Amino acid sequence: MSSQPSSQPGPKPNSFAARDAAYHLHGYTNALKTEKEGGFVVVRGDGPFVYDENDKEYLDGLSGLWCAALGFGKEQRIIDAAVRQMENLPYYHTFSQKAPAVTVELAERLVELASLAAPMSKAYFCNSGSEANDTAIKMIWYFNNALGRPEKKKIIARVKGYHGVTVGSGSLTGLPLVHKDFDLPIKNVFHTDCPHYYRFGKAGESEEDFATRMAESLEALIQREGPDTIAAMFAEPVMGAGGVLTPPKTYWEKIQKVLKKHDILLVADEVICGFMRTGNQWGSQTFGMKPDIMTMAKQLSAAQMPIAAVLISQRVYEGLRDHSGKLGSWAHGITYSGHPVAAAVALETQKIYAERKILDHVRAISPVFLAELKSFADHPLVGEVRGVGLIGALELVKDKKTHESFDASLGVGPNLIRIAHDHGVILRPVADSICFCPPLICTEGQIREMFKRFRAALAETQEWLKSQLVAA
Ligand SMILES: Cc1ncc(COP(=O)(O)O)c(C=O)c1O
């Protein structure tokens with residue numbers, strides 16, 4: 001029997017799916033498979049729903065790529081803000097002491113918002129999360145050169161962390177497939193342990209003891225490499241693409257103590273968690289992180305325009321400032337950094353979040369979301385349920401008692417996702433963890449609908465799995 005229960009017959013000639021197969025190279029996709037099957041082409045959206053070219057409806061339970069906070073429907077205010085900006089000033093840059101006014105407004109707003117987590121001094125704009133993290137790496141290197149510490153350059157990230165795909169950020173990402181045959185990671189990047197208690201906690205070890213072990217392991221890595229050579233640690237408050245891994249109790253308190261002791265900067269990668277995803281403005285607030293640098297993208301503009309930002313503390317800024325004075329320039333800049341149309345969209349998005357009280361809504365709807373997730377805890381295939389705010393995951397296992405995973409070749413998670421797709425709900429597998437990250441504007445009814453469709457898909461997967469295990 002095929003390991004793929006929902007086989008696609010191949011795209012209809014001249015359909016978007018067929019043209020997609022002919023002309024388009026996707027990211028994170030098996031290109032051979034796309035050539036044969038074509039892609040899933042979306043033609044319109046409405047709230048949390050998207051529609052394919054046959055007008056079939058799907059509830060996108062991952063907000064696209066963890067980003068479409070306001071869903072996929074028409075937002076007239078955002079359209080108006082973009083049009084107004086294009087009429088007034090469709091482009092200006094941020095080199096050589098110049099800036100579009102709207103970009104300045106956005107910088108001011110972000111510095112203000114960031115202070116909820118940690119005092120930040122300046123915002124620098126980029127076009128993607130990857131670019132923001134690459135920029136942060138360069139800032140950190142420049143900062144340590146400014147301070148006369150040329151040896152303090154190594155960067156620590158985490159196994160299963162995700163920070164992007166560019167040469168620097170892809171090196172930080174702790175997923176083997178992002179490195180394999182791309183000749184990554186670059187030198188001077190190290191990955192410390194993944195703090196996933198369910199998977200890596202030892203028998204009899206408490207969550208707090210596990211967190212202590214994680215901090216000890218970080219300390220050991222720092223000692224091995226030499227504390228004077230370690231510049232920074234990058235970390236997501238909740239590890240998204242690693243499978244929605246929430247930190248164990250006391251983890252951040254213990255990790256930050258180690259970083260502080262060795263004067264190692266903490267970069268909070270808020271690309272997924274930022275802008276209310278975890279039930280606070282910032283993931284850093286939810287978990288007590290006090291970063292020196294914050295990177296953000298995605299929900300910054302509700303994904304309606306590409307824009308990202310790096311926010312830096314006064315201390316980091318002063319290093320950059322003084323060194324740029326000495327060298328004559330902070331010689332880093334991107335043509336579209338702080339692009340006025342993207343900035344106008346982001347600024348309007350932020351106003352909409354505030355006026356529609358989206359944070360209150362997330363807090364009101366999160367208990368429904370988490371209760372729906374938890375309702376799967378007793379399911380025979382579900383090993384762990386994890387989540388916070390409006391982000392969560394169910395980890396499917398072969399044996400609930402021992403946490404043993406299914407043989408990866410069975411593709412249980414990916415198959416469940418394919419079946420869920422047929423049931424009209426789009427989700428993301430990370431191996432056998434099924435990730436949920438619905439648009440922040442979802443109503444209670446839509447959250448329940450997402451899980452209703454998922455439940456039907458899980459039941460079908462269970463039947464398919466029985467047949468697989470009998471056949472094996
Ligand atoms: C935490 C995190 N950081 C960085 C990135 C990279 O962002 P981008 O895809 O915009 O380059 C992502 C993307 O998913 C992410 O989840």
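This is a predicted model: local features need pLDDT of at least 70, side-chain atom pairs count only at pLDDT 80 or more; totals for chains, interfaces and linings use all residues.
View 1. Strands of a sheet pair through backbone hydrogen bonds, either parallel or antiparallel.

View 2. Strand β2 spans residues 49-52, and strand β3 spans residues 57-60. These two strands run antiparallel. Three bridges hold the pairing between β2 and β3. Look for Y51: its bridge partner in β3 is E57. Four residues lie between the two strands of the hairpin. D55 sits in this turn and has a positive phi of about 65°.

**View 3. The sheet that contains β1, β2, β3 and β13.** Now widen the view. Four strands make an open sheet in the order β1-β2-β3-β13. The pairing in this sheet is mixed. The edge strands are β1, residues 42-46, and β13. Each edge strand pairs on one side only. Helix α17, residues 444-471, lies across β2, β3 and β13. The helix runs at about 110° to β3.

**View 4. A second sheet, with antiparallel pairing.** This open sheet also has its strands in a set order: β11-β12-β15-β14. Four strands form it, and their pairing is antiparallel. At the edges are β11, residues 382-388, and β14, residues 428-430. Each of these two pairs on one side only. From one strand to the next, the twist averages 20°.

View 5. Strand β12 holds residues 391-396, and strand β15 holds residues 433-436. Four bridges link them in the antiparallel sense.

**View 6. The residues around the ligand.** Twelve names make up the surroundings: S128, G129, S130, N133, Y162, H163, G164, E236, D269, V271, I272 and K298. By class, three residues of this shell are nonpolar, six are polar and three are charged. Which helix gives the largest share of the shell? Helix α6, residues 129-146, does, with three residues.

View 7. Start with D269. An N or O atom in the D269 side chain is 2.7 Å from a nitrogen atom of the ligand. The backbone takes part as well. A backbone N or O atom of G129 lies 2.9 Å from an oxygen atom of the ligand. For Y162, a backbone N or O atom lies 3.5 Å from a ligand nitrogen atom. On its own, the ligand has 390 Å² of accessible area, and the protein covers 83% of that.

Notes:
Residues are numbered from 1 along each chain as its sequence is written. Side-chain values use heavy atoms; hydrogens and water are left out. Two strands pair if DSSP finds at least two bridges between them. A residue is near a molecule or strand if one of its heavy atoms lies within 4 Å of it. A polar contact is a pair of N or O atoms within 3.5 Å; within protein, one must be able to donate a hydrogen and the other to accept it, and residues adjacent in sequence count only if both atoms are side-chain atoms. Accessible areas come from the Shrake-Rupley method with a 1.4 Å probe; for residues, only the protein chains shown count as cover. Ala, Val, Leu, Ile, Met, Phe, Trp, Tyr, Cys and Pro count as nonpolar, Asp, Glu, Lys and Arg as charged, and the others, Gly among them, as polar. Contact means heavy atoms within 4.5 Å. Axes are lines fitted to C-alpha atoms, for helices over the stretch in contact, and angles run from 0 to 180 degrees between N-to-C directions.
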